[in-house]
Amino acid sequence: MNLNSYSAMQDAFKTRKKPRTEDGRGPYYRDTTAIIHSSPFRRLKHKTQVFFAPSNDHICTRMEHVLHVASIASAICRPLGLDTEIAWAIGMGHDLGHTPFGHVGERIISRMSEERGLGKFEHEVNSLRVVDFLSNGGNGLNLTYAVRDGIVCHNGESLRMRIVPTGRIRDLDAVTEREGLIPATYEGAVVRFSDSIAYLGRDWEDAYRLGILKEHELPDIVKERLGTTNGRIINTLVDDIVKGAEKEEGIGFSPEIFEAVEVFSEFNYQYIYRSEILNGYTRYFTRLLHLIADYLEDLYQSFHLSESGYMAEHNMLAAGFYNHAKDMYPKYMEREGSDRRMIIDYIAGMTDNFCLDCANEILKPDHLNEEIEHSITGRWFDAAR
């Protein structure tokens, strides 16, 4: 079945904010390469998906998740005659705006953003902000409309049984929240379902691997209708979407499968996302992210763009933020007329490991110890005195 009914809109979907002569890769594969070579994409390998477990190679990271989403979306698009390159690019870029420490970190940063009068922080909207502005030194990645639209509309946490894409072009610069967003393309709708498919079984599998949940605890309706392994669950959900795709009714699940998906999602929320272990992370990561924000705000208010004040801190966080602020300040003023979002944006882009390293640098006065150790007049041991 060929669902691509938007052929008249193809030229509009290919447009970029800044005109660009296309090459042999085609517009959508070119978007994928731009995403892969971007700094925000590289950082996904050290960002939490659900469980903060940097020493366990078998627990899903944010980079693995985007690869899973892209591959699942491509697998759905292929038999439906949809453009797999659009789906792949959206899948690879959909979480570029995610915070450190997964959705726990996102909730903390959202509260910090609201406390500063900057509104809610939502990673879908921030992912669009990353590809349009924050990447590439404030120049963005200049992606096609179809991919940008799919990225900002990818909200897989908001379960729907079916989605009929709008087929319309909207002003994406005016989007400020994810609520109510529907993708313009079938490929964007496929990625949205693929996001849910990618995390439902894998998050349960990770919880099982970590001993948080046992296999027998999985609800019967999930075991009977979807399966008991991540691979079987993905296969069931992909097949259901492919078999049920209709131009009039769009993309989505059958009623029988969607009932099991809803039960599975609620099960994961109750026993994984709201679990005691993740609540423990919330308290710790709240302190950590507030520490970094307060430190950077104090430096920026004290020294603004004066290099010497940052370098006197003798740590990579202060030096790195100075270089970032120096380069990005003109970009913020040109685009937004304000630099108020710069620190929140900077923290949201950090990896888990970098956040932990920053805390050590803020709290440990190693450079002062080094100055003492290198002092010529220092007396470490003098029995006579």
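The structure is a predicted model, in which local features need pLDDT of at least 70 and side-chain atom pairs count only at pLDDT 80 or more, while totals for chains, interfaces and linings use all residues. Residues are numbered from 1 along each chain as its sequence is written, and side-chain values use heavy atoms, with hydrogens and water left out.

**Helix α8**

- Helix α8 spans residues 145–152; helices are DSSP runs of H or I with at least four residues, numbered from the N terminus.
- Eight of the eight residues of α8 are buried, where buried means under 20% relative accessible area with a 1.4 Å probe, protein chains only.
- These buried residues are Tyr145, Ala146, Val147, Arg148, Asp149, Gly150, Ile151 and Val152.
- They pack against α1 (10–13), α2 (27–36), α5 (84–93), α7 (123–138) and α9 (186–209).

**Ala146**

- Ala146 lies in α8 and has a relative accessible area of 0%.
- Beyond its neighbours within four places in sequence, Ala146 is in contact with Phe13, Tyr28, Ile86, Ile90 and Thr185; contact means heavy atoms within 4.5 Å.
- Thr185 is 39 residues from Ala146 along the chain, and their C-alpha atoms are 7.0 Å apart.

**Cysteines**

- The count of disulfides is zero, a disulfide being a pair of cysteine sulfur atoms within 2.5 Å.
- The cysteine sulfur closest to that of Cys355 belongs to Cys358, and at 6.2 Å it is too far for a bond.
- Cys355 is buried at 0% relative accessibility.
- Cys153 is also buried, with a relative accessible area of 1%.

Technical notes. Helices (H or I, at least four residues) and strands (E, at least two) are DSSP runs, numbered from the N terminus. Buried means under 20% relative accessible area, exposed over 50%, partly exposed in between (1.4 Å probe, protein chains only).
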